[in-house]
Amino acid sequence: MDKPVLYIVVPCYNEEEVLPETAKRLSAKLAALTDAGKVSADSRILFVDDGSRDRTWELIREYHEADERFSGVKLSRNRGHQNALLAGLMTAKDPADAVVSMDADLQDDINAVDGMVDKFLEGCDVVYGVRSARDTDTFFKRFTAEGFYKLMELMGAEVVFNHADYRLLSKRALEALSEYKEVNLFLRGIVPMIGFQSDTVEYERGERFAGESKYPLKKMLAFALDGVTSLSDRPIQGILGLGALTFAGGLAAIPAGLKKYRGSEGEEDFSLLLSNLWAVSGLVLTSVGIIGDYVGKVYLETKARPRYFIAETLNSEKKK
């Protein structure tokens with residue numbers, strides 16, 4: 001059996017501070033895997049520039065010119081992490097036998113790639129990189145992150161606990177992924193839908209090597225909401241149940257309300273009525289907002305706009 005061609009896909013957005021170290025470590029890792037006979041010498045590192053405004057693409061070009069193992073894809077504009085990652089995966093789909101995706105910030109332990117490749121060679125099509133612990137996180141970060149996964153599970157979305165986008169996909173899994181055409185991408189929820197044989201590799205997540213996080217709290221909350229509404233309709237079902245419960249409660253309270261109203265001087269009961277009105281109004285507006293988010297997603301899906309455009313490609317791979 002020929003040695004498999006491995007591609008390591010790394011989405012980048014304004015990563016000029018960390019990219020030199022990332023390239024150095026990934027190059028060493030790919031060389032070690034090649035020397036160990038686990039992967040082919042045609043294996044590559046594919047950086048995807050997601051419309052960076054710094055020297056990210058210039059650095060990628062320099063790495064490619066100096067070493068053919070570095071390839072690059074430049075998107076026409078910033079399309080977000082998920083679209084940039086998908087662009088890299090689809091670019092690597094044809095020349096590669098397996099693809100490992102990881103972020104450029106070096107928080108994911110590069111040594112976990114060895115375990116992923118081993119499990120791929122054993123027959124796995126999908127290997128998830130899973131954090132073994134969150135000891136280095138602040139209490140707030142740990143609480144919100146674990147709450148995110150529990151919320152996704154509660155909402156009916158199938159995700160792997162403590163897994164982000166550090167994973168290995170075989171060619172067969174990539175071909176299956178290419179069949180998903182939705183514009184609203186949430187890859188960590190779509191990949192488990194593919195099926196095929198899967199496994200996990202645990203690793204310890206470190207601190208960001210340099211630069212600033214591209215996912216502050218506001219973006220993380222938006223990402224969580226997008227994940228739930230992209231994968232499940234349980235929030236709408238919850239609105240139906242909550243509406244029915246509120247209606248039933250209102251009906252049950254009518255007799256007591258009428259009795260109290262007849263013997264009341266009015267001021268205290270008006271305050272109670274007003275607070276109830278505000279509560280119900282808030283519930284209605286929240287429900288409309290959730291439904292509106294689903295309608296907005298349907299609107300975007302029906303337009304079927306392209307998810308990204310590739311402006312430039314740097315490669316030296318041999319077509320399979």
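Colleague: How many helices and strands are there in the chain?

Modeller: The chain holds ten helices and eight strands, and since we are reading a predicted model, every value we discuss is computed from its atoms. Of its 320 residues, 43% count as buried, and among the contacts between residues at least 6 apart in sequence, 84% join residues at least 24 apart.

Colleague: How should I read the packing of a pair of helices, and at what angle do α1 and α2 pack?

Modeller: One takes the angle between the two axes, then the distance, then the residues in contact. Helix α1, residues 19-35, packs against helix α2, residues 56-66, at an angle of about 30°, and their axes are 11 Å apart. Because angles under 35 degrees count as roughly parallel, α1 is roughly parallel to α2, and the crossing of the two is right-handed.

Colleague: Which residues make that contact?

Modeller: From α1 come Leu19, Pro20 and Ala23, while α2 contributes Thr56, Leu59, Ile60 and Tyr63. Sorted by class, the contact of α1 with α2 has six nonpolar residues, one polar residue and no charged ones.

Colleague: Which members of the largest nonpolar core touch the most other members?

Modeller: In this core of 36 residues they are Leu6, Val10, Leu26, Phe47, Tyr166 and Leu168. Several elements each supply at least two residues of the core, including β1 (6-12), α1, β2 (44-49), α2 and β6 (163-170). Leu26 shows how to follow such a residue through the fold: leaving aside its neighbours within four places in sequence, Leu26 is in contact with Ile8, Val10, Ile45, Phe47, Met102 and Ile110. A second, separate core has 30 residues, among them Tyr128, Ala173, Leu177 and Ile194.

Colleague: Where does Glu16 lie, and which residues does Glu16 touch?

Modeller: Glu16 lies in the loop between β1 and α1 and, at 31% relative accessibility, counts as partly exposed. Here sequence separation should be read beside spatial separation: Glu16 and Asp54 are 38 residues apart in sequence, yet 6.7 Å apart in space, C-alpha to C-alpha. With residues up to four places away in sequence not counted, Glu16 touches Asp54, Arg55, Thr56 and Leu59, and of these, Thr56 and Leu59 also belong to the α2 side of the contact with α1.

Methods
Residues numbered from 1 in each chain as written. Predicted model: local features only at pLDDT ≥ 70, side-chain atom pairs only at ≥ 80, totals over all residues. Heavy atoms only, no water. Axes fitted to C-alpha atoms, helices over the stretch in contact; angles between N-to-C directions. Helix = DSSP H or I, 4+ residues; strand = E, 2+ residues; numbered from the N terminus. Parallel < 35°, antiparallel > 145°, perpendicular 65-115°, else oblique. Left-handed = near helix turned anticlockwise from the far one by under 90°. Contact = heavy atoms within 4.5 Å. Nonpolar A, V, L, I, M, F, W, Y, C, P; charged D, E, K, R; others polar. Core = buried A, V, L, I, M, F, W, Y, C linked by side-chain atoms within 4.5 Å. Buried < 20%, exposed > 50% of the residue type's maximum accessible area, 1.4 Å probe, protein only.
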